Amino acid sequence: MAEQVEELVNLTIDGRPVSVPKGSVVWAAARKLGIEIPIYCYHPKMDPLGACRMCFVQVEKMPKLATACTTQVAEGMVVITDSPQVKKARQGTLEFLLINHPLDCPICDKGGECDLQDFTLRYGPGASRFDLSKRHFQKPIPVNEQILLDRERCIACQRCVRFCQDVAMEDGLVMQERGFRTEVGVEPSAPFDSIFSGNVVEMCPVGALTAKSYRFVARPWELKRGATVCGQCAVGCNVLADVRVDKLLRQYSRTNDDIDDGFLCDRGRWNTDLANSPERLRQPLIRRDGKLQSATWDEAIALVARSLGEIAQRDGGEAVGGIGSTHTTNEEAYLFQKLLRVGLGTNNVDHFHGRFPQGDNDAQPWVWSDSIAGLERASHIVLLGADPYLRQPIIDLRIRKAIRRGARVWVVSPAANRLDRLAAGAIRYQAGQVGAVARALLQVTLSERLTRGAFAEQRQASLAERLAGLADATPEAVSAAAGCDAEALRTLAREIAGAKGAVILYDEMATREATGETLAADALDLALLTDNFGRAGAGVGPLLEDNNSLGARDMGLLPGSLPGYRAVDDEQARAELSAAWGVRTPEAAGLDYDAMLAGGVKALYVLGANPATHLSEEGRAALAGLEFLVVQDLFLTETAKLAAVVLPAVSYTEKDGTFTNTERCVQVVRKAMLELPGARADWQILRDVANALGLGWTYSNSAQILAEIGRTTPIYAGVSRHGLGQTGARWPLAPGATEADGQRTLSGSPFLTWEMLAQGVAKGRGSDQLALSAGRGEQA
Amino acid sequence: MADSTETQTERAPLPLGPNPRFITENFEVPGIDQIEVYRAHGGYEALAKALKSFQPDELVEEVKKSGLRGRGGAGFATGLKWSFLPKESPKPRYLCVNGDESEPGTFKDRMIMEVSPHLLVEGVIIASYATKVHHAFIYVRGELLKAGLQVERAVREAVEAGFIGKDILGSGFDLAITVHHGAGAYICGEESALLESLEGKRGYPRLKPPFPAVVGLYSGPTVINNVETLAALPAIARYGADAYAAYGTEKSKGTRVYCLSGHVNRPGNYEAPLGLSLRTLIEDLGGGMRDGRAVKAIIPGGSSSPMLGADKLDLPLDYEAVAAAGSMLGSAGVIVVDDQTCIVGATLRMSEFYRDESCGKCTPCREGTFWLVQLVERLEAGEGRESDIDLLLDICDNMFGKCFCPLGDAATSCIVSSIKLFRDEYIHHVREHACLVGPGATRAHATAEAHAR
Ligand SMILES: Cc1cc2nc3c(=O)[nH]c(=O)nc-3n(C[C@H](O)[C@H](O)[C@H](O)COP(=O)(O)O)c2cc1C
Ligand code: SF4
Ligand code: SF4
Ligand code: FES
């Protein structure tokens with residue numbers, strides 16, 4: 001990206017020179033030098049407020065002390081952070097804050113990670129001169145289901161209130177009363193019902209806001225803080241998984257500006273069930289006498305290998321299949337398809353996913369071409385059947401930030417959406433009609449000749465054909481069928497076509513709605529033909545279902561695709577893989593998810609998936625009637641209950657690996673706690689099954705598997721845990737700089753261009769094939 | 001504070017006699033609050049003249065030339081303030097009239113709005129024309145219900161008479177005026193908190209910069225002026241800048257409405273040229289001290305201004321002289337304190353005001369005022385310690401210059417100045433457990449009060 005070079009400003013702080021971008025505040029410049037300036041009200045992700053008066057510094061030529069959080073840097077500025085005046089002012093502020101602060105630190109959950117405690121120790125007066133009566137409030141009162149407020153501890157920094165109002169832009173905490181009676185509260189008519197509520201607990205500098213689930217449970221210094229990635233949805237927020245002994249207590253933010261912007265949703269923050277649930281499986285189970293009974297790992301692994309191996313031997317690899325997971329790591333997804341393709345000789349491997357058109361038997365990367373951070377640059381954001389507030393919450397939060405920067409958001413959804421209130425337009429359609437709506441948008445674009453850009457110009461010839469294919473999708477026709485306003489559809493199509501940059505996002509699962517079959521292709525064409533593609537702040541793609549939905553696809557959990565979207569019959573890919581894997585993979589595409597479950601196989605290996613919930617009574621009976629069903633999971637799921645063997649796996653906080661989020665960002669997952677005794681990481685189980693099948697896999701850690709992915713999967717070329725660093729990289733990956741110690745970093749691609757899709761990313765595809773694919777009626 | 005007036009070398013002859021009343025001229029006329037009566041006395045003629053004889057920019061220059069300075073407290077040059085508005089702006093620009101008058105000891109704006117609301121309205125229209133504003137807001141302190149209703153009625157009458165609306169008096173100038181009643185917070189008199197309040201938010205002052213002239217009401221460029229400031233405009237338009245500037249002192253031009261209160265025989269509003277001496281105000285206009293007592297202290301510019309001792313009686317009341325004496329002319333709310341007043345008690349009363357009116361946004365003001373009151377309370381009750389006195393000063397030092405807005409600084413004025421002038425009286429409270437003067441001067445009284453608390 002050709003970024004405009006930021007103008008730098010030079011100043012000195014405590015005699016040390018520093019250069020920071022114009023517009024920075026003194027606090028940020030000091031931080032860059034590693035000089036701490038204590039703050040309470042300031043929060044780097046929010047506008048300065050200047051209220052707490054903690055961050056005083058002395059600036060040469062300024063008559064009064066300045067607040068570092070509100071003072072912008074200027075060329076030649078001379079700042080002093082430790083003069084006697086500064087010290088006295090900071091002591092003064094701390095003394096003021098403490099006169100009404102209760103001395104209940106010994107029982108306060110914040111103790112140990114409290115800025116009031118810490119700054120008092122570092123900058124405060126040793127003793128208070130206040131010997132009068134403190135202000136009192138009733139001890140904690142609930143502000144919502146999860147959070148309690150202790151008003152006596154509140155220092156009125158307004159971080160929480162500003163988060164609700166300015167960042168989440170929702171009802172919630174407000175300031176009430178005034179002066180020394182000031183308190184934080186909630187208006188009964190505007191309850192604090194927000195999926196982002198937990199952020200206020202994390203950003204509260206004191207113990208005023210505490211999480212019910214964490215109260216009196218642990219001391220911060222007892223926590224082991226695992227720097228990992230949240231595994232609860234496709235956003236992949238960076239977290240510190242806080243573990244006390246063997247329990248995951250909470251996740252706190254480990255700010256990644258490009259993904260989570262420093263915030264988490266309540267699901268990620270507080271849903272600890274995956275790790276802590278008493279329902280977790282603690283030993284392998286084998287069905288004996290019709291009942292699942294405890295077994296040893298050796299017995300279970302041997303039985304799985306023997307059963308799968310025998311059926312594949314007897315009836316051919318086609319008789320065996322695997323349904324993989326959208327939750328497990330890339331390494332595990334990779335090993336799973338390798339086990340099936342190499343160990344059992346079948347391409348019968350798939351996972352539960354949206355409907356994405358496939359051309360010429362060739363899997364394609366149906367993926368968001370831009371990034372979460374790119375949303376901030378969009379002039380328009382169009383949500384088609386997507387509800388990120390509920391499904392990818394932190395993306396919803398980023399959309400709100402884009403709105404603050406002027407983006408016009410259109411919510412096209414079957415039901416009311418939390419973004420409606422802030423949207424430029426909302427279009428409601430009857431459930432199931434999302435595909436029809438997308439077709440209508442494309443129809444308007446083509447019939448009103450709104451296409452623009454080189455992509456469309458080069459394809460003038462096929463546009464008429466494409467339009468002809470949309471004859472039944474006039475706004476009037478669609479509005480009659482879908483119950484939405486025809487004029488609104490026209491307006492939206494025109495806005496997209498006229499946008500400086502539009503990002504069009506649909507929910508992966510909306511493609512499974514009745515008319516969703518061509519949704520992905522129609523949305524892609526809409527973006528390509530209106531030149532909303534191939535740059536930051538313009539693009540299209542699905543908002544995926546789970547934390548590693550994309551990784552599952554990337555790794556080849558698809559019947560027609562090898563790792564990295566190379567077709568199963570791609571000769572070059574097969575040759576390369578046979579060199580790496582020692583075996584030639586089958587050439588014919590395998591059975592897909594539905595076909596495998598509809599009796600296409602005799603033995604099924606289900607890993608981290610629960611297909612029984614998608615099946616009818618008969619379907620479940622068929623599953624139970626399989627010759628052999630093995631399920632590998634954390635819990636005894638509906639599917640596991642039907643299995644012959646159940647293998648207990650561990651959750652994401654208990655293992656190493658990588659996840660790939662919905663915007664192609666490959667990130668390092670780090671083990672934050674010991675495995676639940678008796679359970680094992682999926683990659684270990686897969687390795688053991690492979691070895692029981694005689695494959696001789698020697699992986700002793702997930703990094704070795706990742707290195708192999710880097711050798712076999714072009715879009716992940718050269719991938720390594722070190723190279724992904726703290727913040728990950730978006731595929732296609734390319735080698736970055738070589739560091740002093742010889743380690744190589746990786747560089748990613750913040751957005752995909754049409755050329756990348758056509759040439760590099762999905763190799764061997766003619767450049768006309770992907771676009772307009774729906775028009776040619778190619779479906780998988 | 002910047003000042004735009006040029007230094008005048010020779011004084012012009014007084015064109016309107018020694019005691020012109022630019023503002024209160026017709027205040028005794030019965031029914032002057034009615035538009036017909038107001039017009040019968042020349043009302044809205046200044047507006048007609050302004051619209052006819054001046055281009056907006058010329059009017060700004062005229063106001064600069066008049067030397068008019070803000071009457072709300074800070075005394076900023078009005079014409080200069082107007083000229084800070086950007087020439088062009090994508091957002092609409094606004095004029096906000098500060099009628100929140102809540103400074104203890106100040107009651108001039110209330111009188112103007114109650115007695116002659118059309119004078120204010122006429123001034124608002126002239127100012128809007130000069131600043132090219134098409135929507136003005138008049139923010140009236142909520143408790144001043146009568147004033148608010150009077151202004152509302154005056155606006156209605158002026159609309160009906162064609163002084164407000166489209167193409168005013170055929171000038172092509174359009175203006176709408178909205179009257180807003182405040183909800184009871186002193187801080188909403190601070191200009192940026194006033195804007196927040198007008199926008200329907202909590203009355204918290206805003207971070208500056210950006211200043212309201214650039215980013216003000218609804219993010220548009222905004223001028224904020226005090227009621228009295230604007231009420232002076234019709235006279236300036238009518239008599240000319242030179243006539244106005246002929247009065248007052250070198251840098252403090254024109255007249256002010258002094259709000260005289262306290263222990264004088266005739267408290268009230270008195271319009272007189274700037275530079276009037278305190279003694280003249282108290283003795284001649286105010287009829288001298290009540291019960292023939294002596295002056296103990298004077299608070300010259302509302303409770304936010306530091307008090308002065310009786311030695312300052314010959315001080316001319318203009319911005320510069322009062323500042324040189326260590327206080328501020330502020331809102332010209334002159335509070336006179338007699339020698340039978342317990343200064344600690346008076347300070348307590350004022351401190352309570354600031355504690356209760358602190359908006360609570362910033363730490364030093366929110367917590368400092370809370371602490372100060374408790375300490376002064378303890379001293380006043382005769383239960384304090386001598387070290388409390390220096391503690392008070394140190395708390396004030398930790399507040400002064402460190403608060404978010406001037407209210408916090410103002411809260412320290414009465415404490416610091418009273419200790420400076422009357423430390424002995426504080427010490428007396430500590431040592432004798434009683435007041436030095438006043439009803440609390442007997443030990444029994446003080447102790448009883450202390451025990452009652
Ligand atoms: C705490 C505080 C309260 C104030 N209250 C008033 C007020 O009630 N009326 C007023 O005109 N100005 C008040 N001011 C001054 C205003 O902020 C502002 O300076 C004034 O309205 C500008 O008008 P002027 O230039 O015409 O004086 C107050 C300032 C502060 C800091
Ligand atoms: S509750 Fe916490 S975050 Fe909110 S204002 Fe009080 S101290 Fe600040
Ligand atoms: S000094 Fe601070 S607390 Fe006091 S009124 Fe101003 S902003 Fe509010
Ligand atoms: S951190 Fe700067 S004033 Fe609060």
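Select helix α8 (residues 297-315) of chain A together with helix α22 (residues 682-692) of chain A: they pack at about 60 degrees, axes 8 Å apart. Axes here are lines fitted to C-alpha atoms, over the stretch in contact for helices, and angles run from 0 to 180 degrees between N-to-C directions. Helices (H or I, at least four residues) and strands (E, at least two) are DSSP runs numbered from the N terminus.

This is a predicted model: local features need pLDDT of at least 70, side-chain atom pairs need pLDDT 80 or more, and totals for chains, interfaces and linings use all residues. Residues are numbered from 1 along each chain as its sequence is written, with chains lettered from A and ligands numbered from 1 in the order written.

Stay on the helix pair.

Now show the contact residues. Ile301(A), Ala302(A), Val304(A) and Ala305(A) in α8(A) meet Asp688(A), Val689(A) and Ala692(A) in α22(A). Contact means C-beta atoms, placed from the backbone, within 7 Å.

Next, select chain B. Colour by secondary structure to find 18 helices and 11 strands. Along the principal axes, the C-alpha atoms fill a box of roughly 75 × 45 × 40 Å. Among chain B contacts between residues at least 6 apart in sequence, 71% join residues at least 24 apart. Of the 453 residues of chain B, 57% are buried (20 or more other C-beta atoms within 10 Å of the residue's own, placed from the backbone).

Terms used:
Buried ≥ 20, exposed ≤ 12 C-beta atoms within 10 Å, placed from the backbone. Contact = placed C-beta atoms within 7 Å.
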